[in-house]
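Biologist: Can you walk me through this one? I'd like to start with the ligands.

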Amino acid sequence: MFRSIFQLFKIARKLASSGAVETINEIYNIPYSIKLFFDLFSIGSTKKINKSKKPGEKLCDALEGMGTTFIKLGQFLATRPDIIGETLADDLVKLQDKLPPFELYESKKILKKEIGENLYQNIVELSEPIAAASIAQVHIAKIKIDGDQKEVAVKILRPDIEKQFNEELDALMLFAYIVESLFSKTKRLKLIEVVHLLREITNIEMDLRFEAAAANELYENTKNDDGFNVPKIYWNYTTRKVLTLDKVDGISIREQELLKESGIDLKILSENLIQHFLKQAVRDGFFHGDMHQGNLFVDQKGNIIPVDFGIMGRLDKNNRKYLAEILYGFIQRDYIKVAEVHFEAGLIPQSASKEEFAQALRSVGEPIFGQSIKDISGGNLLAQLFEITEKFNMPTQTALLLLQKTMVTVEGVARKLYPDTNIWEISRPVLEDWIKGVKSPKATMDTVINTSSEILKRIPDFPNFMDKANYALQLLAEGKLNLGQKNNKGLEIEEMKLKNLRNNIIISFLGIVIAVLLVF
Ligand SMILES: Nc1ncnc2c1ncn2[C@@H]1O[C@H](COP(=O)(O)OP(=O)(O)O)[C@@H](O)[C@H]1O
Ligand SMILES: [Mg+2]
């Protein structure tokens with residue numbers, strides 16, 4: 001308990017001196033007593049705030065300066081416009097997940113401890129860090145394996161990051177509890193639940209075996225697909241704190257000039273990117289959920305190579321079918337068909353009017369078709385579709401939200417490569433193939449076989465692994481949903497601990513008072 005209180009004081013000082021409190025006050029009008037509390041803590045510290053920036057930008061600067069826990073908090077809040085509003089959420093998306101690297105000798109120490117002295121001897125060379133973010137950093141290494149020398153990338157967790165993160169979160173939890181207890185108006189912000197969700201999601205991200213398992217599954221799914229190569233995982237050199245995988249031999253997808261010099265056709269690359277993504281989503285129901293330019297590389301032959309498997313999306317059979325039929329229906333401009341898909345799946349209450357619903361769908365689809373090719377976007381179309389289905393009382397499919405967001409990102413990357421990319425023409429064959437495939441009798445057999453091998457694609461040692469990760473990712477993807485539903489055991493336990501803590505504080509306080517009275 002005292003540790004949490006001490007941490008809370010430390011955080012209060014950090015928050016106050018980073019300028020975050022002032023910025024939050026500009027947006028929310030913090031109660032005077034809380035502001036006074038922070039003002040006390042900021043005495044003697046110099047605030048580095050750039051007054052000309054927007055409040056959201058200033059908040060980004062402040063959070064970036066406060067380290068991992070707050071960068072993660074910012075990233076999490078960026079996905080929750082329902083809590084903090086659209087404007088602030090949009091600003092927080094720009095938060096940079098970068099921190100100064102830790103020293104090479106630290107990396108070596110962690111590596112040796114994690115993989116053991118013997119395997120460590122096989123590491124011939126370890127580079128200085130090539131990238132450093134809030135949770136981990138990446139080195140390049142040469143490892144002797146079966147007489148060969150392999151070039152690999154080694155991602156290593158920041159030293160003591162879990163301990164620091166969880167201690168700071170305990171303190172934030174205490175703070176959330178105090179604020180919610182004192183100011184009932186703030187209950188609407190659901191501070192305790194936000195902190196709890198952040199803990200669940202980030203603790204999974206801080207176990208690199210999840211990322212390794214995800215990479216492995218994507219590798220198995222795509223190993224026969226031309227043009228898409230997932231780096232191989234080295235399991236002996238992978239632990240909770242270390243992830244080792246093939247070094248990517250390629251050019252960042254950002255480096256268009258270099259790509260062109262290597263004779264890569266950017267139009268074809270852009271098409272391939274969209275098709276591979278869509279194929280993985282509808283065929284396998286498993287897709288990379290963080291496909292920004294920094295995570296994509298291209299080799300000399302034009303193969304796409306992704307890295308960073310920390311966020312993955314999963315769609316069940318029904319979601320995949322729904323997604324494929326809806327996108328295809330829109331491409332065909334067959335709004336009645338799209339409406340029927342919703343009714344058949346029981347997604348829209350039977351009492352709703354099919355004609356009215358089809359009309360609403362038309363109002364989404366037609367303006368998009370009226371635009372020039374380069375403005376057409378599947379991701380935006382889905383976003384608008386979800387707005388409409390919500391109006392018709394259909395609960396938003398949580399798994400599809402991450403897909404929709406990723407689709408916007410993928411389309412953005414594709415358009416940067418080739419601005420006239422025609423999303424519809426490129427998506428059509430993938431969707432057609434899949435829909436035809438699902439309807440054939442052979443496909444039914446394949447599904448049975450595939451489902452049973454699904455488990456085998458995962459790593460043998462951790463059968464429950466990805467399910468736990470999926471749960472956390474679902475929480476992350478949920479966007480506007482579910483906060484406020486008290487069906488969460490972990491959260492209940494957390495709240496109980498807080499109540500105990502409050503009682504402890506009261507008891508300790510009374511104890512001190514009694515002791516003082518007795519002495520004097
Ligand atoms: N297998 C790899 N080969 C070469 N470079 C890599 C590899 N994995 C990661 N990197 C480099 O390290 C950077 C950070 O790795 P990433 O897995 O994206 O971590 P983060 O989750 O911090 O974004 C990547 O953007 C890439 O430049
Ligand atoms: Mg990355």
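This is a predicted model: local features need pLDDT of at least 70, side-chain atom pairs count only at pLDDT 80 or more; totals for chains, interfaces and linings use all residues.

Biologist: Which protein donors does the magnesium ion (ligand 2) have?

Modeller: Asn 295, through OD1, and Asp 308, through OD. They lie 2.3 Å from the ion.

Biologist: Where do those two sit in the chain?

Modeller: In two loops, 13 residues apart. Asn 295 is in the loop between strand E7 (286–288) and strand E8 (296–298). Asp 308 is in the loop between strand E9 (304–306) and strand E10 (312–314).

Biologist: And is Asn 295 buried or exposed? What about Asp 308?

Modeller: Asn 295 is buried, because its relative accessible area is 6%, under the 20% cut-off. Asp 308 counts as partly exposed, at 24%.

Biologist: OK, ligand 1. Which residues come nearest?

Modeller: Lys 155, Asp 246, Val 248, Asn 295 and Asp 308, out of 15 around it. The Lys 155 side chain has an N or O atom 2.9 Å from a ligand 1 oxygen. Val 248 uses a backbone N or O atom, 2.8 Å from a ligand 1 nitrogen. Gly 294 also has a backbone N or O atom 3.1 Å from a ligand oxygen.

Biologist: How much of ligand 1 does the protein bury?

Modeller: 78% of the 540 Å² that ligand 1 exposes when taken alone.

Biologist: Switching topic. Which residues touch the most others in the largest nonpolar core?

Modeller: Leu 269, Tyr 322, Leu 323 and Leu 403, in a core of 134 residues. Another core, of 17 residues, lies apart from it and includes Leu 126 and Tyr 234.

Biologist: What does Tyr 322 contact beyond its sequence neighbours?

Modeller: Among them are Val 341, His 342, Phe 386 and Met 394.

Definitions and conventions. Residues are numbered from 1 along each chain as its sequence is written. Chains are lettered from A and ligands numbered from 1 in the order in which they are written. Side-chain values use heavy atoms; hydrogens and water are left out. Donors are N, O and S atoms within 2.8 Å of the metal (3.2 Å for Na, K and Ca); water is not among the atoms, so sites may look incomplete. Helices (H or I, at least four residues) and strands (E, at least two) are DSSP runs, numbered from the N terminus. Buried means under 20% relative accessible area, exposed over 50%, partly exposed in between (1.4 Å probe, protein chains only). A nonpolar core is a set of buried Ala, Val, Leu, Ile, Met, Phe, Trp, Tyr and Cys residues joined through side-chain atoms within 4.5 Å. Contact means heavy atoms within 4.5 Å. A residue is near a molecule or strand if one of its heavy atoms lies within 4 Å of it. A polar contact is a pair of N or O atoms within 3.5 Å; within protein, one must be able to donate a hydrogen and the other to accept it, and residues adjacent in sequence count only if both atoms are side-chain atoms. Accessible areas come from the Shrake-Rupley method with a 1.4 Å probe; for residues, only the protein chains shown count as cover. Lists of a residue's contacts leave out its neighbours within four places in sequence.
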